[in-house]
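Good morning, and thank you for making time for this. I should like to take you through one model, beginning with a detail of the backbone and then turning to the strands and a helix.

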Amino acid sequence: KTSPAPTKVPAKSGTGRCATMKVDTSKSDKSQVAAPVPVVPVAAGPGSQRSTLTAHVGLVGAVAAACSWSHKRGRAAVKAPKRVQMRYTSMCKDSDPEDSMRRRFEAVVAEAQEKICKAIEDCDGGAKFCREPYTRESGGGGVARVLTDGNVFEKAGVNLSVVYGQMPQEALQAATERGADRAGGKLEPGQKVPFFACGLSSVMHPKNPFCPTMHFNYRYFETESGAWWFGGGTDITPSYLDLDDMKHFHGTYKGVCDKYNPEWYPKFKSWADDYFLIKHRGETRGLGGIFFDDLNTEDPETHLKFAEEALDAVPKAYVPILEKNRDKDFTEEQKQWQLLRRGRYVEFNLVYDRGTVFGLKMLGSGVGRIESILMSLPENASWLYAHEPKEGSPEAEIMEAFKQPKEWV
């Protein structure tokens, strides 16, 4: 049997510009332990807000007074809750009002990025997330955070992105189920749609086969015509079935959904089961979670708060499962099964995943960034010809759940 042992020697991990630092946490000398990654203001791009803002969870800068939402102007503000503060340079354009939903959603995901990265670093105990800010000439930019070769994680990424651009019709079709209907009118052949998008996306691939992969993505879109919608979700992809883990994960998100609408969890859970289907395999990528898109059924304020709470739930839903399973022994055969399931993950992401397909289609418009688009892919995956798990095995057990989605809570 093999089991990953914590790395004890400080060393640079990886060779790219976003390499991570391994630290020795076994010594009492605190100087050897890397301090938490500071929140460093990112460089402002052309036409972006250049002042460093003080951001609360769910709002930016001077947004402290309540006002009403205007569909025409696309703006809203809310009274600021008293929360932990951070410093972050907005990548929105100067023309975007400080109380606009664009800036407020950006602030929510910027805060969530820091909190989630810190929780995952604490769990891993060996590697730290790098920070790679970037800007786009057309406006906007992003902050890539990637951790590699940790004690727990093979690879984990949490990427924030702010995008302004001209969306080709095929990219709009990839971005939303309603496709061209979101353009706000009939489009002529070849006509592009001016748009804004902001999102936080993450995929985390642990080393141990008994620790599931986890993915989340929460995003906000606007088109120049005034159409707006929210999308996203959180889902889990285990290699082995643990009923208690699935009850915990799904139960956490059912609790978040039930606070807003008791119909949301069953609807979003079913949506995830349908969305994450690998059609050419007849099986799902994982064991689901919640997924929603084109969501504007409530007022924008409600959708913003829901996205914020769903992001806050990520460590609560995921970290206890990691802590439970991270030190379990596993065999070479179990590791091979994990790599086969990682291969299925790659298949779904490159063929069906809406965010990946959208990003690839936007590359020709000059606003796509290939490293961010493909961040979700694992470092290692495997494909075997006509592989079938042995009848009655744990691998066969979870395959049944992949082929026939179940209710966990």
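Between which two strands does the loop that holds Asp-149 lie? The answer is strand S9 (140-148) and strand S10 (153-167); helices (H or I, at least four residues) and strands (E, at least two) are here DSSP runs, numbered from the N terminus.

Before I continue, a word on the basis of what I say. This is a predicted model, in which local features need pLDDT of at least 70 and side-chain atom pairs count only at pLDDT 80 or more, while totals for chains, interfaces and linings use all residues. Residues are numbered from 1 along each chain as its sequence is written, and side-chain values use heavy atoms, with hydrogens and water left out.

Let me return to Asp-149. Its phi is positive, at about 50°, although the residue is not a glycine. With a relative accessibility of 35%, Asp-149 counts as partly exposed; on this scale buried means under 20% relative accessible area, exposed over 50%, and partly exposed in between, with a 1.4 Å probe and protein chains only. Asp-294, however, belongs to strand S16 and is buried, its relative accessible area being 6%.

Now to the protein as a whole. The model contains nine helices and 16 strands, and 57% of the 409 residues are buried. Of the contacts with a separation of 6 or more, 72% are between residues 24 or more positions apart, a contact being heavy atoms within 4.5 Å.

On confidence, the mean pLDDT is 80, and 72% of the residues reach 70 or more; pLDDT is the predictor's confidence in each residue, from 0 to 100. Two stretches call for caution. Over residues 5-15 the pLDDT stays under 50, and the model gives them 20 contacts beyond four places in sequence. Residues 20-85 are likewise below 50, and this stretch has 173 contacts in the model beyond near neighbours in sequence.

I turn next to the strands. Strand S11 (residues 193-206) and S12 pair in the antiparallel sense over 10 bridges, where two strands pair if DSSP finds at least two bridges between them. S11 and S12 form a hairpin with six residues between them, and Ala-197 has Phe-221 of S12 as its bridge partner.

S12 in turn is joined to S13 by 10 bridges, again antiparallel. Within that pairing, Tyr-218 is partnered by Gly-232 and Arg-219 by Gly-231. These two strands form a hairpin with four residues between them, and Gly-226 in the turn has a positive phi of about 105°. S13 is also joined to S16, by five antiparallel bridges, with Asp-235 standing opposite Gly-289.

How many of the residues of S12 are buried? The count is 11 of 11, so S12 is largely enclosed by the rest of the structure. In a regular strand the side chains alternate between the two faces of the sheet. In S12 both faces are covered, with Phe-221 among the buried residues on one side and Tyr-218 among those on the other. For S13, 10 of its 10 residues are buried, including Trp-228 on one side and Trp-229 on the other.

Finally, helix H3. Its 16 residues (243-258) should span 22 Å at 1.5 Å a residue, and the end C-alpha atoms are 21 Å apart, which agrees; the expected span is 1.5 Å times one less than the number of residues. At the start of H3, a side-chain oxygen of Asp-242 comes to within 3.0 Å of the backbone nitrogen of Asp-244.

Which residues of H3 are buried? They are Asp-245, Met-246, Phe-249, His-250, Thr-252, Tyr-253, Val-256 and Cys-257. These residues cover an arc of only 140° around the axis, which puts them on the same side of H3; the arc is that of the directions from the helix axis to the C-beta atoms. They pack against strand S12 (213-223), strand S13 (228-237), helix H4 (264-275), strand S16 (289-295) and helix H5 (300-325).

Conventions
A polar contact is a pair of N or O atoms within 3.5 Å; within protein, one must be able to donate a hydrogen and the other to accept it, and residues adjacent in sequence count only if both atoms are side-chain atoms.
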